Amino acid sequence: MAGLTRVTSAAALDDVVEILERDGAVIVEDFADPEVLDALWADLGPSLDTDQFSDNWYDGLRTRRVSSLFARTTRLTPVVTHPVFLGAARALMQKPRPMWIGRSRQEMTPSIQISTTQLIQIHEGQGKMPLHRDDALHLRPHPGPTTRVQLMVAMSEFTADNGGTLVIPGSHHWDDERAPRTSEAIPTEMPPGGGLIWVGGVYHGGGKNVTATPRTGLTIALDLGNLRQEENQYLAVPREMVLAYPREVQELLGYDRCPPGLGWVEMHDPDIALQDEETRRQAGLVVGGALADAR
Ligand SMILES: O=C(O)CCC(=O)C(=O)O
Ligand SMILES: [Fe+2]
């Protein structure tokens, strides 16, 4: 069976979007530089130094998962803003929607947001994860518009034997009646630093690891801004860690209004919560647990 389509970071965005529309998945061979990978291992690796595994069959009883990644490192900017990943996510999801407001015909373009972040380490003895669609979290019907674009960066090599993510190309076009079969799935094989990008409607799942070496991946999902985040970034990432990131990443973490008007606080865009104490107080935000003087 032919493998998944492969490109490099230099690929034209239009080509990547076309592959994602056709196959629902693509491998970017050189997604993360070795320095980026080293920095992420330094910040995040220690959280995998435990003998704990996930506590349920679906997540994997021989799989370690670490979440809240933006609370654990300030070095995810080149990953989440990678032009191929973020560019494809924007192209596939930020489609203008027409609407009437009174007699004025307007177009609103939704925002996108970070929805889930995890390190996933599959150990020897872990079997295949059930094939699933991640956008099923939003109970949405298929086929339909793309509402999630997800990334898996290989923190270690991904092979067919060590649990490289299984993907059924084209399955985002299927309806909700057709069941996924393992025989249709292709393993993701990529070097450390490689990136698998897939759309939320594609059937996929972690593979079986029959080797003695764990397989480690770092996943970030971007969802349409009018959906609830899978992982609650407002609770997961402390304000001071959000402040350590550039504006574009802050917006992706949810400090942005999804047009026409989702996510406001005290009638302001939510990034008001990242301003200095005086500005927040004047805006009417509750600061330090007390009602602001402005009330
Ligand atoms: O670990 C993997 O390769 C995929 C995991 C996955 O699909 C999930 O956790 O939803
Ligand atoms: Fe998944």
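In the predicted model, strand β8, spanning residues 166-167, pairs with β11 in the antiparallel sense through two bridges, and within this pairing Val167 stands opposite His204 of β11. The two strands belong to an open sheet of three strands, arranged in the order β9-β8-β11 with antiparallel pairing. Because β9 (186-187) and β11 (204-205) each have a single partner strand, they stand at the edges of the sheet, and one side of each is left without a neighbour there. In general, the strands of a sheet pair through backbone hydrogen bonds, in either a parallel or an antiparallel arrangement.

Elsewhere in the chain, helix α1 (residues 13-23) has Val16, Ile19, Leu20 and Asp23 as its buried residues. These residues cover an arc of only 100° around the axis, and they therefore lie on the same side of α1. Such a pattern can be read against the geometry of an α-helix, which has 3.6 residues a turn, so that residues three or four places apart point the same way. The cover over the buried residues of α1 includes the strands β1 (6-7), β2 (25-28) and β10 (195-199), together with helix α5 (83-93). Just after α1, Gly24 adopts a positive phi of about 80°.

Terms used
Residues numbered from 1 in each chain as written. Chains lettered and ligands numbered in written order. Predicted model: local features only at pLDDT ≥ 70, side-chain atom pairs only at ≥ 80, totals over all residues. Pairing = 2+ DSSP bridges. Helix = DSSP H or I, 4+ residues; strand = E, 2+ residues; numbered from the N terminus. Buried ≥ 20, exposed ≤ 12 C-beta atoms within 10 Å, placed from the backbone. Arc of directions from axis to C-beta. Contact = placed C-beta atoms within 7 Å.
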